[in-house]
Amino acid sequence: MHGCVLSKGLWAVLVLAGAAALVRPALAGHGQEEAWRKGNSKAAGLQHCVMPTEWMRRHHMELIKRERTLTVHEGIRKERYSLAGCVNCHVQYDAAHKPIAINSEGQFCDVCHEYAGASLDCFQCHARVPTPETDYGAHAEKGE
Amino acid sequence: MSKTTDQPDQDRRAFIGKAAGALAAATLAPGVFLHVTADAAYRQEPVTSKVRWGMLIDTQRCANGCTACVDACNHENGMDLLVKPEGLSDDMWDQQIPRWIRKVKVQDRATGVAANLPMLCQHCEYPPCVDVCPTGASFRRADGIVMVDRHTCIGCRYCMMACPYKARSFIHEVVEHKPTIAPRGRGCVESCNFCVQRRDSGGTTTACQDACDREGHKAIVFGDLNDPASDLWQALRKHPSRQIRADLRLNTGVRYSGV
Amino acid sequence: MKKTYFSEWRIESPRYWSILALLAAVVAIGGLAALYMEHEGHWVTGMTNQVVWGTPHVFAIFLIVAASGALNVASIGSVFEKKIYKPLAPLSGLLAIALLVGGLLVLVLDLGRPERLIVAMTTYNFKSIFAWNIFLYTGFMAIVAVYLWLMMEHKMNPYSKPAGLLAFVWRLALTTGTGSIFGFLVARDAYDTALLAPMFIIMSFSYGLAIYLLVLLFTFNLEGRPLGEAVVRRLKNLLGVFVAAVLFFTLIYHLTYLYMTGKHELEAFVLLHGGIYTQVFWVGEVLIGGLLPLAILYHPALGRERGWIAGACAAVIIGGFSKLYVIVIGGQAFPIQMFPGMKVLESGFYDGLVAPYAPSLPEVLLGLGGIGVALAATLVGIRVLRFLPQSLADEVVDPQAA
């Protein structure tokens with residue numbers, strides 16, 4: 001009887017720990033997120049972006065993978081889920097109203113990814129700041 | 001309060017239904033707000049092979065010493081944003097920078113007649129670069145554009161070995177400034193994609209064609225090889241033209257006249 | 001048939017560990033070079049948009065080609081049932097796997113995005129010979145591992161013959177696949193020939209056996225294990241045949257191209273005025289890699305001296321690197337002939353000009369690292385496992401041998 005109660009307690013602890021481990025990523029960087037929400041990106045003022053926030057946190061990579069096939073192989077570009085759309089909305093601006101690279105420290109991507117320890121290589125190739133469709137904005141960013 | 005019946009709770013269902021509706025509205029509304037300015041010219045359906053993009057280059061109109069097409073391509077596709085890594089010699093940098101289009105001047109050994117022409121990816125119907133890519137990153141899109149899916153490219157450069165036109169470029173350095181329309185990063189291979197960002201947003205020309213027209217030479221005609229109403233179709237039927245390395249039977253999308 | 005006894009390689013510990021330490025240092029430096037290349041990008045190498053495959057590929061292809069050839073010794077024992085080769089088989093299998101691993105490491109670490117190897121192993125375009133090669137290479141390692149086990153596990157010995165046959169056919173497919181990497185390309189004058197696949201097979205016979213013989217001589221000599229003339233004579237004569245065969249294939253390749261007017265520019269480049277490529281061809285490939293080993297191996301006096309035989313093996317290896325340098329790099333340096341009958345006056349990207357290339361330090365270090373891995377794996381293997389026959393003295397291997 002005694003042993004039965006102890007093992008039940010142990011199970012409870014294990015289940016709680018497991019649940020906490022599952023739930024923690026969803027609370028990732030909560031403090032930093034609050035700080036970011038006070039920032040001046042377009043998204044900061046919104047409750048949800050193109051999908052509910054919790055869904056995005058778990059599934060944004062699936063969305064990105066689907067998008068990249070649509071864009072590269074099927075030529076469908078200006079879509080609600082495009083990467084450029086994400087950057088446009090989630091990027092913050094500095095005092096001189098210049099956009100700050102979205103994957104730099106303390107910015108949108110870094111807030112969760114640094115905590116989760118998942119490295120990000122999208123922006124090795126993709127633009128880190130919004131550039132207008134003609135992309136002469138990229139030249140302006142460089143200072144030409 | 002314990003349930004004494006096994007009938008579904010209708011009140012509960014109604015509440016969940018309303019909540020879902022509200023959530024959907026809350027989800028969609030900001031999306032609608034953010035994207036209400038989406039350009040209607042952007043493609044909504046996948047590309048099909050109804051269109052085959054191609055080009056005719058009139059080498060007799062191509063001007064000696066002019067590099068307008070090259071400069072325009074470099075600007076449009078962000079090559080002019082690349083910075084030489086510190087410690088690299090100019091000579092090596094020149095060998096390693098990406099070039100989607102280049103000018104070549106050739107002379108017939110027997111007759112001495114010379115011709116100028118831009119050389120770029122020929123967008124073959126049977127591209128050797130697509131055949132050899134181990135991951136399928138190098139592919140031919142339904143509308144004939146031969147390009148690299150750089151999400152899948154592992155940087156093996158086999159396609160560069162295979163290309164009969166030396167059209168492909170490898171990115172040898174970390175890239176700092178990248179345009180949205182032409183992502184580019186260390187370790188992958190790229191080549192002319194017929195200004196695909198314009199193809200997918202309702203554009204009808206390429207940067208090189210626009211530049212050549214601006215200079216007044218009008219040596220480059222870009223268009224749909226399958227469309228009898230296009231300038232390209234009519235130009236191809238007016239003047240004899242040929243494919244470079246036609247003996248390879250690759251059925252290129254780019255053709256040259258006057259050489 | 002007398003039972004062969006195998007034992008671990010038992011040279012003195014300090015000597016073993018110092019050899020291993022040296023190899024480990026070579027491997028570590030190679031690893032650092034790979035990290036440097038991956039972090040900075042390929043601008044730190046001599047490879048460009050014209051010569052896209054450089055020194056690492058010369059090393060990698062040599063190791064891969066030699067790997068399939070190293071298995072030959074075992075195949076002659078299992079498939080062709082020459083009893084005298086049977087004790088030599090386990091080392092042959094081990095060397096084959098070790099050389100292949102070394103070569104593949106160099107190849108993978110040179111990729112523009114080596115972290116995407118997992119993409120390469122899960123996404124395939126089966127029209128590409130590279131995609132097939134991924135299966136051929138990994139399959140080879142698995143098959144040879146099983147083959148080794150069947151050979152070493154006494155109960156399973158009867159099954160080693162079918163496994164040996166499978167391994168033999170598989171390595172022919174593998175080397176065909178490697179040669180076809182170049183043979184399938186229409187773009188460049190030097191490739192685009194069906195001859196390359198069988199030529200690579202003959203090259204593998206030659207380089208693989210040269211490495212095998214060198215490793216055999218070295219390991220037995222260092223430990224003082226008996227190695228009789230019967231085995232050495234057979235192997236060195238066989239090596240001579242393979243070297244001659246490679247020379248023959250080279251001759252046919254060039255004779256054919258010399259006959260074809262359209263290939264005259266290529267031939268003039270390789271044979272006459274290609275600068276470094278001409279020198280490497282004549283001195284490295286033909287002289288050191290072909291004529292010199294033949295002269296040594298078939299010389300009545302020198303062909304009996306172990307030192308000279310080892311020297312001949314080394315010469316064959318140098319010849320192998322030279323041949324691959326001319327094929328891989330020379331083949332890219334020669335300009336693509338886009339406008340036959342025309343002269344290129346100007347070009348925005350070096351059309352019509354010989355592409356410059358010089359091996360850079362990171363490339364060479366990476367290549368050497370691959371060799372280090374192969375050798376280290378072999379030495380550890382023979383130290384820890386019983387792969388070396390206790391004696392290859394004449395009376396032991398073949399009492400009836402003349």
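What percentage of the 259 residues of chain B count as buried? In this predicted model, in which local features need pLDDT of at least 70, side-chain atom pairs count only at pLDDT 80 or more, and totals for chains, interfaces and linings use all residues, the share is 49%, a residue being buried if 20 or more other C-beta atoms, placed from the backbone, lie within 10 Å of its own. Residues are numbered from 1 along each chain as its sequence is written, while chains are lettered from A and ligands numbered from 1 in the order in which they are written.

**Chain B**
- The secondary structure of chain B comes to eight helices and nine strands, where helices (H or I, at least four residues) and strands (E, at least two) are DSSP runs numbered from the N terminus.
- Among the contacts in chain B with a separation of 6 or more, 64% link residues 24 or more positions apart, two residues being in contact if their C-beta atoms, placed from the backbone, lie within 7 Å.

**The contact between chains B and C**
- Chain C brings 37 residues to the contact and chain B brings 46 residues.
- On the side of chain C that touches chain B, α5 (117-122), α6 (129-152) and β2 (342-347) of chain C each supply at least two residues, and β2(C) gives the most, with six residues.
- That side of chain C has 19 nonpolar, twelve polar and six charged residues, with Ala, Val, Leu, Ile, Met, Phe, Trp, Tyr, Cys and Pro counted as nonpolar, Asp, Glu, Lys and Arg as charged, and the others, Gly among them, as polar.

- Three strands form an open antiparallel sheet in the order β3(B)-β2(B)-β2(C), two strands being paired if DSSP finds at least two bridges between them.
- The edge strands, each pairing on one side only, are β3 (114-120) of chain B and β2 of chain C.
- Strand β2 (residues 101-108) of chain B is joined to β2(C) by five bridges, and B:Asp108 has C:Met342 as its bridge partner.
- Seven bridges join β2(B) to β3(B), where B:Lys103 stands opposite B:Pro118.

**Helix packing in chain C**
- Helix α2 (residues 55-70) and helix α8 (residues 196-223) of chain C have axes that come within 6 Å and cross at roughly 80 degrees, the axes being lines fitted to C-alpha atoms over the stretch in contact, with angles running from 0 to 180 degrees between N-to-C directions.
- α2(C) is therefore roughly perpendicular to α8(C), a term that covers 65 to 115 degrees.
- The residues of this contact divide into twelve nonpolar, five polar and no charged.

Conventions. A residue is buried if 20 or more other C-beta atoms lie within 10 Å of its own, exposed if 12 or fewer, and partly exposed in between; C-beta atoms are placed from the backbone. Angles under 35 degrees count as roughly parallel, over 145 as roughly antiparallel, 65 to 115 as roughly perpendicular and the rest as oblique.
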